[in-house]
Amino acid sequence: MRGLFEQNQQDVSATVAGEAGLFSGVQLRHACLERNRRCLLAYLWNRLQRVREMRWEFGSVLPQDIRNCLSEHESQWFSNYNKSLATYMRSIGGHGGLDLTRDKKPPKSLYIEVRCLEDHGEFETESGDIIWLKKNSQHFLPRAQCEHLIRQGILEHILS
Amino acid sequence: MAESSASIEHVISDDSDMEHMTAAEVLAKLEEAWLNEKFAPELLECRTELVECMLDQIAEMNKNIEKAKKGDFRVTIHRIEIDRVRYVLSSYLRERLQKVEKFAEHLIEEEGKRLPDTASKLSPEELQYAIEYHKSIDAHFKQVALRHMPPNLQSVDTKDTLVKPNLDHFVFLRVNERTLDDVDIDGIETLTLDNHSQYVMRYRPIAHLLENNAVSLI
């Protein structure tokens, strides 16, 4: 882009000095510059949208392999986005806020049947029961507490 | 919600009048606001009072559940109800947040032009969020790309990046209260919308009818 710009500058100064016929060259290069800028910004914006979707999917801590793909500025943007989102969610209502990343689907029943996909160790439910999550073990648990484990891929919802 | 032991009355201020509503009515209004928000192409007016009322209700119900003895059948039913209400609330607020993010620049501009006595579409927290979001995206672009570009291209013109809601989007609607005569379509023709019937048309001509609940989107 700098190359294009410098060529343009030369032509502009020449035109200002009175030489005719270079104007279309200047316009063409300017159009190229603007198009390049637009492509770059579109690419950046799309990446940011993907990162934003990850926040809603995975929560505020991203898996390691995704973190490796983010540039430093994107990680910075992600933590800023996290902060604003957390501030907003905390400020809803008067009782300490509402976590908007839960409850993505309408609830069909209170308890759901889940199968554990990998060893996760002990898991304590809200009612105080401690459940050992071993690979391929099936459990009947309250939906609200399994949701985030399902999204992380540790539990699998059995549908049939 | 009508099965909770007492119909909990909440005071909801409606302009200058004070109106008492039962929990069931608040939930019905919230569901309507939720559906309208889902299908409208632009951000609708903020109903913070409904949100706060429902959150209070959920806290009440949680307290009641803890007091009840374990194994009581009604506890399960209340829990399911709480889950459902929480889903509607979350979905409503998520829809609004998505629209705030999409139209952030436009909304901030509108907010700046708003007269002091007209109601704002954004709650103060949403406005704060919109400003922060817009700033962070701008800063990101500047840091990563625009800094390195030739000087006359470094500022992005706002009218190029402005995303305005598409008010000509077609929507399905149902007329609620009474037959609406003289609905003005762009000054070209006037339509009569009959009571309890359903129509599909562009959003722009009927936008103002959503405010007083004369129509609802489906």
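Of the 160 residues of chain A, 34% count as buried in this predicted model. Chain A contains five helices and five strands, and their order along the sequence is α-α-α-α-β-β-β-β-α-β. When contacts in chain A between residues at least 6 apart in sequence are considered, 52% join residues at least 24 apart.

A:Leu141 is located in strand S4, which spans residues 138-142 of chain A. Because its relative accessibility is 3%, A:Leu141 counts as buried. Beyond residues up to four places away in sequence, A:Leu141 touches A:Leu110, A:Tyr111, A:Ile112, A:Val114, A:Thr125, A:Ile131 and A:Cys146. A:Arg90, by contrast, belongs to helix H4 of chain A, formed by residues 72-90. With a relative accessibility of 55%, A:Arg90 lies over the 50% cut-off and therefore counts as exposed. The C-alpha atoms of A:Arg90 and A:Leu155 are 28 Å apart, and the two residues are 65 apart in sequence.

In the interface, 39 residues of chain A are in contact with 41 residues of chain B. The two chains bury about 3,800 Å² between them, and carbon and sulfur atoms account for 69% of this area. Six residue pairs in polar contact, both members at pLDDT 80 or more, are counted between chain B and chain A. On the side of chain B that touches chain A, at least two residues are supplied by each of helix H2 (48-67), helix H3 (73-102) and helix H5 (124-144) of chain B. H3(B) provides the largest share of that side, 14 residues. By residue class, the side of chain B that touches chain A comprises 20 nonpolar, nine polar and twelve charged residues.

One salt bridge is found across the interface of chain B and chain A. This salt bridge pairs B:Glu101 with A:Arg52, and the closest N and O atoms are 2.3 Å apart. A:Arg52 lies in helix H2 of chain A. At 10% relative accessibility, A:Arg52 falls under the 20% cut-off and so counts as buried. With residues up to four places away in sequence left out, A:Arg52 touches A:Trp77 and A:Tyr81 together with B:Gln98, B:Glu101 and B:Tyr133.

The largest nonpolar core has 53 residues, and A:Ile92, A:Leu100, B:Leu89 and B:Leu93 are those with the most contacts inside it. At least two residues of this core come from each of helix H2 (23-58) and H4 of chain A, and likewise from each of helix H1 (23-39), H2, H3, helix H4 (104-113) and H5 of chain B. H3(B) gives the most to this core, contributing ten residues. The contacts of A:Leu100, apart from neighbours within four places in sequence, involve A:Trp56, A:Tyr88, A:Met89 and A:Ile92 as well as B:Ser90, B:Leu93, B:Arg94 and B:Leu97.

Notes: Residues numbered from 1 in each chain as written. Chains lettered and ligands numbered in written order. Predicted model: local features only at pLDDT ≥ 70, side-chain atom pairs only at ≥ 80, totals over all residues. Heavy atoms only, no water. Contact = heavy atoms within 4.5 Å. Buried area = accessible area lost by both parts, 1.4 Å probe. Salt bridge = Lys/Arg side-chain N within 4 Å of Asp/Glu carboxyl O. Polar contact = N/O pair within 3.5 Å; in protein donor to acceptor, adjacent residues only side chain to side chain. Helix = DSSP H or I, 4+ residues; strand = E, 2+ residues; numbered from the N terminus. Nonpolar A, V, L, I, M, F, W, Y, C, P; charged D, E, K, R; others polar. Buried < 20%, exposed > 50% of the residue type's maximum accessible area, 1.4 Å probe, protein only. Core = buried A, V, L, I, M, F, W, Y, C linked by side-chain atoms within 4.5 Å.
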